[in-house]
Structure formats: C-alpha cells, structure tokens
Amino acid sequence: MSRRQALATGSLAFWITPGLYAEQLLLPTPRLTEGPFYPDKLPLDQDNDLILIKDSTTPAVGQIAHFTGRILSRSGQPIRNATIEIWQCDANAVYLHSADSNGKKDQQDKHFQGYGKFETASDGGYRFRTIKPVPYPGRPAPHIHIKVSRGDRELLTTQCMIRGHEGNARDGVFRSAGDIVDHELIQADFTKVPDSKMDEYRAEFDIVIGRTPDDRQLQRPRNS
Amino acid sequence: MNKFMCFVVLAVIFPAPAIAQPPGAANERGFGPRRVGQRNSAAQQERKVSSALIKLLQYDADDDGNLTREELSDSRLQALFTRADKDSDDALTKAELVAVVGGNPSSAPTRSAGEPTQRSGSPAVTDSETSTVPLAVVIPDPLRDSLGLSQHQRDELARLQLEVDRKLKQILNAEQHSKAKQWTEERSRQAPASIQAR
C-alpha cells in the first residue's frame, strides 16, 4: 500500500466510522477556509502581541482581546512545538494583504500588527494579545484566522468566531461549517476582563487537531 | 425544456479550498465554501440534526439516552449544554437534545424546508441574504433522494457541490456570475418542481 493510499484510507475511515468518535475522544476543530488574505508579506514583527508593533508605544485601534487556548490531540494530549499563526483584519476592516490594503491605505490602522505567531511548549498552550475581531464586508461574522503547523507540516487551518454574535447566522463560512456541534467548536466566548481599565476582553479557544499528517496530503482526491 | 433544468456537471475535486489562494482576490466573500441551494435545506437540515445528535450522544457514557453535564466532558460544549438545558437540571433529555440541534423535539428529528432554525441563541436564520441556488447542480434533489445514498455519500456529494460552486465562482467574473445566478434563480422560481433527472 502506498503512502498515499494509506492516507486516503485513513481519511476515508475518519469520515465514515462513527466508532472513531467513541471513547470520548475530543471532537476535532472543524477545518475552515484560509480565505484570500493570509499576509502576502509577513510583517517584521511576528510576535504574539498584535497590539504593539516592535517598540512602538501607540497601540492598535480596537478593543484589546487576550486570545488564549491549548492545542490538543483528540485524546486530549497537549501538542508541543506546534506553531500557531493568527491573522485578522484591523478595527477598520483592513487585512495585512496588499490585495486588501492597497485600496484602503487611509482606512488601515498602521499600528495593528495584523498577524502573529506563537510556538507551544509542553502544555500546548498559546497566548496572543490582539483586538476583538470585527466584521469584514461580506463576512458578517467577526473572526480570527488560524493556522496550526508543526515543523513544515500544516495541521489545521480554521477560524474562530465570537460566540452568539448576531452576524454568525448570516455568515457564509459559519453557516457552511457543518452541524451545530461544529459551530460550537469554532466559536469562543469573548468576555470582558473584570476591572480592566480599558475595556479588555478575554477568549479561550482550545484547538483539537483531528489528524496529524499534513492537511494537504489528506485533502487530495480520494479516488484518484 | 427539462434540459434547461437538468444541470449535470462533471466536476473534478481539487485539493482543499483552504489552501487555494487565487491572486488578486479583493473580497473575502466567496472564498468560504458556499451553501448548497436552499431547496436542499430539508435534507441538509435533517443531516445536520442527525450528525450533531450522533456526536453528542457519544458522550452518553451510561447509554441512557440522556446527557448529564458531567458526561459532556468537553469544555468547548458547555455553552451548548447550558443553552439546551431549559429546565436547568444539569441533564439533557432526548427532547432537549433534539431541540438544541434544530430538530423537532416532539417527533423524529426532521424539519420542513423553509422553517427557520433557531440556534446559537442568535436570531432565527433568515435566508434572504445568503440564499443561493447552485448554478450547476451535481445531482438534482429528486434524483439524489431516489438513489438511496448512504450518509457518507450524501456528505461527499454536499462537499462536491460546494466545490463546484466555489470553482464556478472563480471561473466566471463577477458580472457573469451574477447574471448566471439571476438566470438560475429565475428558473428555479418558475418551475422548481421540474428540476429532475433525466
């Protein structure tokens, strides 16, 4: 059996064998589209604080959100040395991508980093300081784009949306994201940090990696 | 006349939409998988209800058909549990389960087409904005229903349909696409019942 066949069989089994869900394995975080605006030119500052660029003292516009969580396997084991990248549009709905920002230079928040990266330690945890996501034209559901990889293998591309946001029900990506359980797995509660001076939010979003082989391998047509 | 209504497309599945990143894309809309037409909504809804139920009932450790908060051990599903637990007794009866996943609690988990879905504590879903009739239907509903497809086949078919919609949107320019959509939607309004297999 070739490697590809083996992978194909594996992914087929994933879809058709309900038994794989059994024994209380965690449900995998649904895969969602990467969208067109993964930065075409990564910023110089790629740290996990998207509010301040390098040594700047001017913070990004928007409501600060502490976006944290863990990256787990389906059995609940933390995944270490996983790289999580996030990207999202700024408070004025401009992405760090020339196809989006070129026509919106006046609108763009130059102080928002737009993209950040974090590598997990043995606890699988990640932590970002960013802004609470806002809607984007054509995307009524505010969202943070997420890509998880390990080494050079991409494990998951998905998005995190705001639980209970009124735009979700009208959002094409949200609506096509599977059943109501899947919907739960791509939303996080954005709650106000008590006693915060500046209207800060926190959101915890655990990410469960369904399969560890490279996404792209598994997404090849199964019958070819 | 039926020929018009019978769009059968030979579609090729391309690698993941998640990876594809066409150049010059200026609008984020359209890069998510699009919804299959609303005419599919009854079957689609039924499928979503059953798949959600299957997932939730896997947590039913003692297999009694009810789900306690303890049994639903995944912290990511606690919000769903709270929403579903109408009487706040920390246990979900079958009726509560079926209701929260969008089914009809008093009978089998089905729902008629066009009936709005209440979910996520958000307003009932209205389809006015996102209503889409696919430009090209891979397998028309009546044919699909007559084939006796397995759940897996239905899922695969839905995926293929999304892929076809997505590719078409890439191939056509915006003007062509909207013209084609208009045409298709008019057609489906005129004679929805005549969409059928050869």
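Guide: Start with B:K55. B:K55 has a relative accessible area of 9%, so it counts as buried. Keep in mind that this is a predicted model.

Visitor: What makes 9% enough for B:K55 to be called buried?

Guide: Buried means under 20% relative accessible area. B:K55 stands at 9%, so the label holds.

Visitor: Which residue does the side chain of B:K55 meet in a salt bridge?

Guide: The partner is A:D179, at 2.9 Å from N to O. The pair crosses between chains, from helix 2 of chain B to the loop between helix 3 (172-175) and helix 4 (180-185) of chain A. A:D179 is buried too, because its relative accessible area is 2%.

Visitor: Why is the contact between A:E166 and A:R170 called a salt bridge?

Guide: The cut-off is a side-chain nitrogen of Lys or Arg within 4 Å of a carboxyl oxygen of Asp or Glu. The closest N and O atoms of A:E166 and A:R170 are 2.8 Å apart, and the contact is a salt bridge.

Visitor: What does the salt bridge of B:D90 and B:R69 tie together?

Guide: The side chains meet at 3.0 Å, N to O. B:D90 lies in the loop between helix 3 (78-84) and strand 2 (91-92) of chain B, and B:R69 in the loop between strand 1 (67-68) and helix 3, so the pair ties together parts that are 21 residues apart in sequence. B:D90 is partly exposed because its relative accessibility is 41%. B:R69, at 27%, is partly exposed too.

Visitor: How many salt bridges does the structure hold over all chains?

Guide: There are 16. A:R163, A:E184, A:D189 and B:R83 are linked in a network of them.

Visitor: What makes strand 4 of chain A mostly covered?

Guide: Of its 7 residues (125-131), 5 are buried. Strand 4 runs antiparallel to strand 1 (64-73) of chain A, joined by 7 bridges.

Notes: Residues are numbered from 1 along each chain as its sequence is written. Chains are lettered from A and ligands numbered from 1 in the order in which they are written. This is a predicted model: local features need pLDDT of at least 70, side-chain atom pairs count only at pLDDT 80 or more; totals for chains, interfaces and linings use all residues. Side-chain values use heavy atoms; hydrogens and water are left out. Buried means under 20% relative accessible area, exposed over 50%, partly exposed in between (1.4 Å probe, protein chains only). Helices (H or I, at least four residues) and strands (E, at least two) are DSSP runs, numbered from the N terminus. Two strands pair if DSSP finds at least two bridges between them.
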